[in-house]
Amino acid sequence: MGAVAAHGEDGKVSQQEADHQLKELDAGALFVLKSKGSWLHCGYHLTTSIVAPPLLSLPFAFTFLGWAAGVAFLVIGALVTFYSYNLLSLVLEHHAQKGNRQLRFRDMANQILGPKWGKYFVGPIQFMVCYGAVVACTLLGGQCMKTVYLMSKPEGPMKLYEFIIIFGCLMLILAQIPSFHSLRNINLVSLVLTLAYSACATGGSIHIGTSSKEPKDYSLKGDTQDRLFGIFNAIAIIATTYGNGIIPEIQATVAPPVKGKMFKGLCICYTVLSLTFFSVAISGYWAFGNNSEPLVISNFLADGQTLVPKWFVLMVNIFTILQLSAVAVVYLQPTNEVLENTFSDPKRKEFSARNVIPRAVSRSMSVIIATTIAAMLPFFGDINALIGAFGFIPLDFVLPVVFFNLTFKPSKRSIVFWLNVTIAVVFSAVGVIAAVAAVRQIGLDAKTYRLFANV
């Protein structure tokens, strides 16, 4: 079962009710989505899942948009996602207070839209987005490791896929952490690492920008068609950067009563987000203009020479690698939940041999497959833009407002109703156009694709 009775009349759960609930849960909910966390833990999980190394690509997104549109879309992304995540949280709280707590995104879709929506639309899209994020983190982790290696051995023989495999071995260990709630301390460290490498990226950009004597160019490149598709590519990048896709699973880790806890967690997350997204985006684009790389820290190297001290580049990459491992293991949780539900027995103890052996084998296979995909397809960034357009935009921008309107049925004369309808329509259209732009980019880059390429 995906939903559990959550509250008595006073909003609290008695021990007898809690024991009854545990007996009703399936293995995925019982062992992976344990409801034991506080609002602080919720804030750590949210920050790790949203404020991640893809924020280092924001200056690159600005190269397609320019100053005014870049800042505008960054602000719109922050406002819309904070609003939509709160709406999603309110819908979850509403069902919990009615005694039918939803623990997974697909459970919400089943309850609100009907079983086919959860099984054939929301469930597959969420899996694609989350597993795609794991692959992307593994690839990026390998690329950061290669950067560190080439700083010490510029002509070194090791290839990119070897570093991806090394990062995959780290993930093999972290994937065995039993539950989402068990990641709370790792995600606190992840929050600190985010602040650290964002401060380094901002400081490095300002240092290079002030010391460089070359004029900065903020003009938009390409003809009208290239600029138009570039705008939607940039929107897909920003949407992916703000994307989450696992709000219900994060709220599922909160101990009842859940009311108000998600809002506090989101406030922590968006405080960190405001400090990092805007500082990195503005300082990076100011320093490098339309020469900003897909990862701004790549601009710290030019013609084989570092524009900042080598130890600084090394430190930024190490911070990034460590946080990527935390982000990857967070996005493994929906996969772990499905695997646990498939192979574990909820009637046996969590750490019995009957459950530990299939858990270790299935999670290891999941990481091995993700690592293999990352090593084979080092151009996965293009594919991930398509996943962002097809996945993050529906899950994080469209479905929350739809769920709210269907659950609370606000008056059609109210501002809330029409604001939600506007968000759903506009971002559905943006998602379709961004997907087309991503497919076009894949077509343009296809001639450079090669399996196990050492890029």
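Colleague: What is the mean pLDDT of the protein chain?

Modeller: This is a predicted model. The mean pLDDT of the chain is 88, and 93% of its residues reach 70 or more.

Colleague: And where is the pLDDT below 50?

Modeller: Over residues 5–23. Beyond near neighbours in sequence, that stretch has 23 contacts in the model. Where pLDDT is low, the predicted coordinates should not be read in detail.

Colleague: Change of topic, helix α4. What does α4 span between its end C-alpha atoms?

Modeller: Helix α4, residues 58–97, spans only 39 Å, whereas a straight helix of 40 residues would span 58 Å. There is a kink of about 120° in α4.

Colleague: Which residue is the kink centred on?

Modeller: Gly66. After α4 comes Gly99, with a positive phi near 85°.

Colleague: What does the side chain of Thr81 reach?

Modeller: The backbone oxygen of Ala78, at 3.3 Å. Leaving out residues up to four places away in sequence, Thr81 touches Tyr242, Tyr270 and Phe397.

Colleague: Now the largest nonpolar core. Which residues touch the most other members?

Modeller: Leu56 and Phe403, in a core of 126 residues. Helix α6, residues 115–152, supplies the largest share of this core with 15 residues.

Colleague: Which residues does Leu56 touch?

Modeller: Not counting residues up to four places away in sequence, Leu56 touches Tyr197, Ala201, Val280, Pro294, Leu295, Val296, Ile297 and Thr320. There is also a second, separate core of six residues, including Ala236, Leu386, Ala389 and Ala438.

Colleague: On to the backbone. Which peptide bond is cis?

Modeller: The one from Pro256 to Pro257, with omega near -5°. Pro257 is in the loop between α10 (247–252) and α11 (261–288).

Colleague: And Lys409, what is its phi?

Modeller: Positive, about 45°, although Lys409 is not a glycine. Lys409 sits in the loop between α15 (380–408) and α16 (415–445).

Colleague: Why does Lys409 count as exposed?

Modeller: Because its relative accessibility is 63%, and the cut-off for exposed is over 50%.

How values were computed:
Residues numbered from 1 in each chain as written. Predicted model: local features only at pLDDT ≥ 70, side-chain atom pairs only at ≥ 80, totals over all residues. Heavy atoms only, no water. Core = buried A, V, L, I, M, F, W, Y, C linked by side-chain atoms within 4.5 Å. Buried < 20%, exposed > 50% of the residue type's maximum accessible area, 1.4 Å probe, protein only. Helix = DSSP H or I, 4+ residues; strand = E, 2+ residues; numbered from the N terminus. Contact = heavy atoms within 4.5 Å. pLDDT = per-residue confidence, 0-100. Expected span 1.5 Å × (residues − 1). Bend = angle between axes of the 7 residues up to and from the residue. Polar contact = N/O pair within 3.5 Å; in protein donor to acceptor, adjacent residues only side chain to side chain.
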